[in-house]
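Reader: Before I rely on this model for any calculation, I would like to go through its geometry with you. Could you show it first?

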Amino acid sequence: MNTTKKTIRPGHAADILWRVALCVLLFLMFFPFLFMVMTSLKDTHQFYHSFWMPRWPLHFENYTYSLGQMGAYIWNSLLVTAVSISGILTFSVITGFLFARYDFPGREVLYYGMLAMMMVPGALMLVPSFMWVDRLHLLDTYWVMILPYIAGGQVIGCYLLRGFFGEIDNELFEAAQVDGAGLFRQLWHVALPLARPVLGVVAILSALGTWNEFLWPLVTTSSEDVMVLTVGMLRYTSRVGTLYGKMFAGYTISAIPLGILFIFCTRLFMKGITSGALKA
Amino acid sequence: MNSRRSNKRKRAAGAPPLWLIYALLVVPIGSLLVFRYVPAASALFHAFTAWDVGGANTFVGLRNFIELYRDPVFLQSLGNLAKLGFFSFTVSLTVPFILAEMIFHLKSERWGFLCRVAVVLPMMVPGVVVFMLWKYIYSDAGPLTELLTNLGLDDWVHGWLSDPKTALLAIAFVGFPFAYGVHTLIYYAGLANIPPSVLEAAELDGLGAMGRILRVHIPLILQQAKLLVVITMIGIVNGFESVYILTLDGGPYNETMVPGLYMYLNGFSYQRMGYACAIGLLMLLFLLAFTMGLNRLVRSDGYDPAAR
């Protein structure tokens, strides 16, 4: 039996107090989101006459409306995020594996040269980065988002994967080598299958980062053809004006993609969030 | 000597040829050079130039920095950042700690897990949307106004974001009750890493709940707290998305201006890119100095749960 928590028995006053306080805190935290979902199902009349409470009938047409308005943004976001994650995974597997497994001249310099970029937040380089991609004629393309996301996102991936690959028992690779497996087959058949959870963490961190990115796409894209959801939300918000049901339906939809990801990989997600924080 | 020998041994064991290694690294590291190092170098260089939209680009030495030193808007933005930073530092280090303690004290494993999941859930909503929600909360048609009206406090109702007296406070309260998921999970990880023997010893010594928190928990999660201090500081100094969404230009009367937003405005609205680079450089230098100072202040020797 766990003796450490003996003083607080179930039913004990202190325990109940803790729980009540916890519930209050969580309720306050969730209030804006509960309100968002509730209001997203109302029409204007219901909104003004029943501010605090849900009202029937539920107006799901708010959702069809905002899906119609935001479908293109969502598609662009999905595309940019998917391509970025694939690139980040590929790059960080390659660099992480090489840095962890092999010794070559310049290894330390290159490795720490990569890590150094974690200290320089992208926001501080917003202006020169913008001028630079303008000169590269990348403005208003998918690439203006994808390429910098991959370049920057691989760093944390390289760091996590180098640590992981470095801890794999050498004998595994030696055995593969005896069987005649070269670099690529060792990577593909030995390292990658073991690294699946770490790859998952890297993918989730990248998904959070790219999906939520706002300032960079705000300054580098203005055409609706490539506009992502975060920037599109601004336009959508001003378009619907005071039609709050439609506005909140849009907001709710913006949370669905990451929400689905979260449902399918809850534990990985929570692990990913904290290991991402460790990069500081 | 030693390393060279091990180098040779690895090579002899059938390591791939050097050219292959470098060939594989070219694209990843090249992309980093192009999209991170070039802009960083450009920022460093252009901080000392007058860089205008036409491309005119003259070296002006320290003039940007001297101008910043006398720029009332920039100085005001520093003051705002200090106020906002102090507030958000305090709340984002304490509320998640209290929340983590609450979850840690839950007896049921399942409830503990559910609570941790719940704390993370709001992260599904993009930050921009959260800020838009808060903009709405403060608006005339929002819950704050409605609540005050329902309580009969009509006199209190006003434009929280447009009144210079309350604008900064309204920005500070975005995210209330500040139960940030990442912070809470990091604290929780620290608490969960404390060896049960230590907790038992504390109890045998007759420490009450408060005593255990103050004298056992807090000293043992200093490492996590340090990490959070750095994360929070980086977030505060870089973060101007909230201000951009809520007041757009740091108004009213620059009451909500922060250095990040001022940098953005100089770069993209006033077309003063060199000046913007100078602001960015100052922010970066501040963050580096802060991180180094903190590392020196809180040494990572002694018990380190993060190292296990």
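Reader: What percentage of the 308 residues in chain B is buried?

Author: This is a predicted model, in which local features need pLDDT of at least 70 and side-chain atom pairs count only at pLDDT 80 or more, while totals for chains, interfaces and linings use all residues. Residues are numbered from 1 along each chain as its sequence is written, chains are lettered from A and ligands numbered from 1 in the order in which they are written, and side-chain values use heavy atoms, with hydrogens and water left out. Buried means under 20% relative accessible area, exposed over 50% and partly exposed in between, with a 1.4 Å probe and protein chains only. For chain B, the buried share of its 308 residues is 51%.

Reader: How much area is buried between chain B and chain A?

Author: The contact, meaning heavy atoms within 4.5 Å, takes 94 residues from chain A and 100 residues from chain B. On the side of chain B, B:Phe35, B:Lys107 and B:Met124 lose the most area to chain A, together 8% of what that side buries. Buried area is the accessible area, with a 1.4 Å probe, that two parts lose on being put together, summed over both. Carbon and sulfur atoms give 81% of the area buried between the two chains, which is about 8800 Å².

Reader: Which residue of chain A is in contact with B:Thr291?

Author: B:Thr291 is part of helix 15, residues 273-297 of chain B, and it counts as buried because its relative accessibility is 12%. Apart from neighbours within four places in sequence, B:Thr291 contacts B:Val230 and, in chain A, A:Met119.

Reader: Is B:Trp160 buried or exposed?

Author: B:Trp160 belongs to the loop between helix 7 (143-150) and helix 8 (167-172) of chain B. Not counting residues up to four places away in sequence, B:Trp160 touches B:Tyr138, B:Leu144, B:Leu148, B:Thr166, B:Ala167 and B:Ala170. Because its relative accessibility is 17%, B:Trp160 counts as buried.

Reader: What is the omega of the peptide bond from B:Phe176 to B:Pro177?

Author: B:Pro177 lies in the loop between helix 8 and helix 9 (181-192) of chain B. The bond leading from B:Phe176 into B:Pro177 is cis, with omega near 5°.

Reader: What relative accessible area does B:Phe178 have?

Author: B:Phe178 is found in the loop between helix 8 and helix 9 of chain B, and although B:Phe178 is not glycine, its phi is positive, near 60°. B:Phe178 is buried, with a relative accessible area of 4%.

Reader: Is A:His137 buried or exposed?

Author: A:His137 sits in the loop between helix 5 (126-135) and helix 6 (143-167) of chain A, and its phi is positive, about 60°, although A:His137 is not a glycine. With a relative accessibility of 70%, A:His137 counts as exposed.

Definitions and conventions
Helix = DSSP H or I, 4+ residues; strand = E, 2+ residues; numbered from the N terminus.
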